[in-house]
Amino acid sequence: MGCRDVHAATVLSFLCGIASVAGLFAGTMLPNWRKLRLITFNRNEKNLTVYTGLWVKCARYDGSSDCLMYDTTWYSSVDQLDLRVLQFALPLSILVAMGALLLCLIGMCNTAFRSSVPNIKLAKCLVNSAGCHLVAGLLFFLAGTVSLSPSIWVFFYNIHLNRKFEPVFTFDYAVYVTIASAGGLFMTSLLLFIWYCACKSLPSPFWQPLYSHPPSMHTYSQPYSARSRLSAIEIDIPVVSHTT
């Protein structure tokens, strides 16, 4: 059965998952979630922009790449609810996605390095590769939901801040990085779900195994009769008929 071989779909989903986790990590660490632009009408002074991240805050003059003020204790005094939620949601999403990657890796390694000789004693200890990919797809979907929901909330909370104070708040590119990474997690989950539902032989070469695997315990079978499927031991009792 094709589900017991390493497919291009599973490899692509694994690589897509790695890229998505890397994007989530970058979005978590970037200090570019929200910008507060302070404009001065004094010609002798420069406009000031405050970049707000989840963990640090940086203030720069226009045209300067150096931080005039770099607050490394911002993570403990965040006064914006959306950023506070993201401080918990994004690390949790990264941990869940890393667990999904581990399951994908276990499933592929079990498929690639399994023994070709059946061993009945190890039957209960074998890893179900297709099951690993299915659970990994569910975890990727959960990680994408956890990271996407608060990231989208940033847009609406930004509108709330501009209405409450002044229209000086804008969201920065870390929001787009995180949303794109969450989309990558959903794509990874979709690939694994489609593969699990249609991993049998299909016309498209994308779903075909990358190599032909020798028969192993999963494909090992013996010719039993219909009665032997119901019992471990089959006993044939001859019937002797007497004729008069």
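Colleague: How are residues numbered, and which pLDDT do local features need?

Modeller: Residues are numbered from 1 along each chain as its sequence is written, and side-chain values use heavy atoms, with hydrogens and water left out. Because this is a predicted model, side-chain atom pairs count only at pLDDT 80 or more, totals for chains, interfaces and linings use all residues, and local features need pLDDT of at least 70.

Colleague: How many helices and strands does the chain have, and in what pattern do they follow along the sequence?

Modeller: Helices (H or I, at least four residues) and strands (E, at least two) are DSSP runs, numbered from the N terminus. By that reading the chain has four helices and five strands, and along the sequence they follow the pattern α-β-β-β-β-α-α-β-α.

Colleague: In what order do the five strands form the sheet?

Modeller: Two strands pair if DSSP finds at least two bridges between them, and here the pairing is antiparallel, in an open sheet. The edge strands, each pairing on one side only, are β4 (69–71) and β5 (169–171). From one strand to the next the twist averages 20°, with axes taken as lines fitted to C-alpha atoms, for helices over the stretch in contact, and angles running from 0 to 180 degrees between N-to-C directions. The order is β4-β3-β2-β1-β5.

Colleague: Which residue in β3 is the bridge partner of Val-50?

Modeller: Strand β1 (residues 34–38) is joined to β2 by five bridges, and in that pairing Arg-37 stands opposite Thr-49. On to β3, β2 pairs in the antiparallel sense over five bridges, and these two strands form a hairpin with four residues between them. The bridge partner of Val-50 in β3 is Ala-59.

Colleague: Is strand β2 largely enclosed or open, and how many of its five residues are buried?

Modeller: Buried means under 20% relative accessible area, exposed over 50%, and partly exposed in between (1.4 Å probe, protein chains only). In a regular strand the side chains alternate between the two faces of the sheet. Both faces of β2 are covered, with Leu-48, Val-50 and Thr-52 buried on one side and Thr-49 and Tyr-51 buried on the other. Strand β2 (residues 48–52) is largely enclosed by the rest of the structure, because the number of its five residues that are buried is five.

Colleague: What separation do the C-alpha atoms of Ala-9 and Thr-188 have?

Modeller: Ala-9 lies in helix α1 and counts as buried, because its relative accessibility is 1%. Ala-9 and Thr-188 are 179 residues apart along the chain, yet their C-alpha atoms are separated by 9.5 Å.

Colleague: Does Tyr-61 count as buried, exposed or partly exposed?

Modeller: Tyr-61 lies in strand β3 (residues 57–61), which three bridges join to β4. Since its relative accessibility is 38%, Tyr-61 counts as partly exposed.
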